[in-house]
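Colleague: I would like to learn how to read a structure step by step, so please take me through one slowly.

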Amino acid sequence: ATVATWSFNAALLANPIVAITAGIVAAIAVIYTFIKVTGDAAKEEERLKVASLQLSVAIDQQAKSFENNSKYLSAQNAHKIALLKASGASEAQIYKETKALKEQELQLAKNYRAEAVILEQRAYEQNRDNPTEFTAKALKNAQENLEKAKGLVSAGYDSLISLQNNHEVAKVQAQTDADNEARKKAQEQHDKLLQQQKDANK
């Protein structure tokens, strides 16, 4: 049966028209396979490109959202402190409220950093599994965004430390001013008594 089949195929291929047709069919099969594989690869590349772009957009949106929220919170907090000072609040009261508000701002920066870590991890995995020009760019954006977030958290801690140091200086200065005022009043009282004695001896 195999020999017969081979002989039949050989006979068909001996006919030029049949041979050309068979060649065309084979060529079409190869082209179809190539197009399908290439098409699938192109679709996958396009999908990765879209995913990378979506990630980059998410990173930009996160940064802008934090910037807007941070500006709004800072403005609100500055207004609260200004009102507190205008009301005649003590240095201790102003410090306590300012510290609480700065801790709010620091927490906002920490939230930003936590989200940036997640986005950076996603970008890293995406670029690791399917490295392309687009995934590499998304990873770079994510890394820069994360470094920015870390810097903001660090600045938040520095601001709290500075506030604490300024408060300690203010407390010492307030005590010094109070001591000087007490000595001044005591001296004035002493001078007044001396003057009264002199006037009585006249």
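Predicted model: local features only at pLDDT ≥ 70, side-chain atom pairs only at ≥ 80, totals over all residues.

Colleague: How many helices and strands are in the protein chain?

Modeller: Helices (H or I, at least four residues) and strands (E, at least two) are DSSP runs, numbered from the N terminus. Here the protein chain has four helices and zero strands, and along the sequence its pattern reads α-α-α-α.

Colleague: Is E188 buried, exposed or partly exposed?

Modeller: Buried means under 20% relative accessible area, exposed means over 50%, and partly exposed is in between, using a 1.4 Å probe and protein chains only. E188 counts as partly exposed because its relative accessible area is 45%. For the protein chain with its 202 residues, 19% count as buried.

Colleague: What share of the contacts with a separation of 6 or more comes from residues 24 or more positions apart?

Modeller: A contact means heavy atoms within 4.5 Å. In the protein chain, residues 24 or more positions apart account for 75% of the contacts with a separation of 6 or more.

Colleague: How many salt bridges are there by this rule, and where does K99 take part in one?

Modeller: A salt bridge is a side-chain nitrogen of Lys or Arg within 4 Å of a carboxyl oxygen of Asp or Glu. By this rule the count comes to four salt bridges, among them the one in which the side chains of K99 and E103 meet at 2.7 Å, N to O. Both K99 and E103 lie in helix α3 (residues 91-129), four residues apart, about one turn of the helix.

Colleague: Which residue forms a salt bridge with K150?

Modeller: K150 forms a salt bridge with E147, and their closest N and O atoms are 3.8 Å apart. K150 and E147 are separated by about one helical turn, because they are three residues apart in helix α4. K150 is partly exposed at 40% relative accessibility, whereas E147 counts as exposed at 51%.

Colleague: What is the distance in space between K150 and A114?

Modeller: From C-alpha to C-alpha, K150 and A114 are 9.4 Å apart in space, and in sequence they are 36 residues apart.

Terms used. Residues numbered from 1 in each chain as written. Heavy atoms only, no water.
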